[in-house]
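Please look over the sequence and the structure below before reading the notes that follow.

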Amino acid sequence: MVVSTEADLDRPNIEEYLSADSIHEPLMNLQLRDLLDLSPRLSEAAGAIVDDSFTRCFKSNSSEPWNWNVYLFPLWCLGVAIRYCILFPVSVSILAIGWLIFFAAFLPVHFLLTGTNKWRHYIERALVEMICSVFVASWTGVVKYHGPRPSMRSHQVFVANHTSMIDFIILEQMTAFAVIMQKHPGWVGFIQTHILESVGCIWFNRTEAKDREIVARKLRQHVQGADNNPLLIFPEGTCVNNHYTVMFKKGAFELGCAVCPIAIKYNKIFVDAFWNSKKQSFTKHLFRLMTSWAVVCDVWYLEPQYLRPGETPIEFAERVREMISARAGLKKVPWDGYLKYYRPSPKLTERKQQIFAESVLKTLEK
Amino acid sequence: MGNTSSMLTQYDIEEVQEHCNHAFSQQEIVSLYHRFCQLDRSGSGFISSDEFLSVPEFAVNPLSQRLLRMLDGLNFKEFVAFLSAFSSRTTLQQKIEFIFKVYDLEFNGKVSFNDIMSVLRDLTGSFMTEQQRQKALTHVFEEAGFSQDTSLSVADFIKVLGSSDLKMEVEVPVD
């Protein structure tokens, strides 16, 4: 699930976020040693090999085993038995009943109440909220919402940090948001195209440049309409493991309307809610959540923010990221989440080269 | 040890420690092993160039292509030996020898004017012309008392870099 607009997708513009990290001390007099000494660059490279902030953002942290003890082990076994043999079947039946009710109501409404019927929108919205509550119930979700609930109003956009597709479900059960999301295959894709369309969700393919233009246009149209459901965007564009936040895409911050930040923090006591989409299908992810004791999380609706005079959309995005990170206790890293899919732009390397070249050239002039 | 899912035994750790001249503690080696397995996504027992480049902080380094030639196809033991140059327990001389190896990609024990030029090319890219690079390097070569056709040996490197306060340390995170 992803937000995006225009050109910022094609080239991750990290350089705008990084401070001048490696400015060399001005060389007074160029010596052979200055050219031969590769240690700063080599240390950087080795440092990145040993540990890097980017990979850490997408690492699923496995929980510490606590059951290796004669007293605890039988307890743990009992827990497994309950979780898989009782809790899981209960969860599945809740889901099944939920879907039955949903379709029983949704299909007639969807096909019989045609045209721009106000009732149709109202009922469909309620049904989507209902099915999301069913999903949350199926993982025994314990969600605490802090702050005022979002209201329907034009010229506002909600942005939240992103850990898993379940973020969306958790937020959707309170308010029927229209979400900008990545198109998924399989049954998730089916739900996207057939059901979520009714609440005004917009989806696209991360890798298709054409899709992005369409999304950017739809986005602008959507925030203008007063009757539309509030818009929700995950500006990180990818799932992060809920310990870090990666760069926010500036698309949501250029719409010229109020940005309402939402911070989501999961408690990992029972299960890690991070969805590592490269390793796990969403179905498996849901299975893991449904066989755990509970999914515990906190959601904070923060105060709406506006673009300050003289502030660029990128600075604005960073300010909102700072707010969300502070509230949810996440660390900020200066990387674009899309680097999971693309190599960093050569611009970054070039900047390092430029700094070094300039310091050498300066001494040559003397 | 190619099997990424296996655990390190104490024998393995000691063997690796031996191989890197005790540059890392046992805990650091375990930590490096986890990192190695994390980077080796395909589980092939070595980290491919593509896997190295998936670390953005590494990919943006101007020397990354050069280092990849040294890192290509290293198994875990060799990987640790490579990193041992960055340990705080490694002597200055060993660190300088490592830098020498970065220049001497043909392993002939000599670094020529052209070898240094090609590293300088990596470091400055399009921001210096070939003439400017040539001029800068000739200048410092003469100042240090070398002529353009001299090839530098490890001993020369130690002489040049030995007196500077070389800082080349990387801390291995241990949890």
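**A helix and its neighbours**

In H11(A), the residues A:Lys352, A:Gln353, A:Phe356, A:Ala357 and A:Val360 are buried, where buried means that 20 or more other C-beta atoms, placed from the backbone, lie within 10 Å of the residue's own. This is a predicted model, in which local features need pLDDT of at least 70 and side-chain atom pairs count only at pLDDT 80 or more, while totals for chains, interfaces and linings use all residues. Residues are numbered from 1 along each chain as its sequence is written, and chains are lettered from A and ligands numbered from 1 in the order in which they are written.

**Helix H11 of chain A**
- Seen down the axis of H11(A), the buried residues fall within an arc of 125 degrees, so they line one face of the helix; the arc is that of the directions from the helix axis to the C-beta atoms.
- The cover over these buried residues includes H8 and H9 of chain B, and helices here are DSSP runs (H or I, at least four residues) numbered from the N terminus.

**Contact between the chains**
- The contact takes 45 residues from chain B and 39 residues from chain A, two residues being in contact if their C-beta atoms, placed from the backbone, lie within 7 Å.
- On the side of chain B that touches chain A, the largest share, 8 residues, comes from H9(B).

**Annotated region**
- UniProt, in an unreviewed entry, lists residues 156–267 of chain A for "domain: Phospholipid/glycerol acyltransferase", and such annotations may be inferred rather than shown by experiment.
- Over residues 156–267 of chain A, the chain is 29% helix and 25% strand, strands being DSSP runs (E, at least two residues).

Definitions and conventions:
A residue is buried if 20 or more other C-beta atoms lie within 10 Å of its own, exposed if 12 or fewer, and partly exposed in between; C-beta atoms are placed from the backbone.
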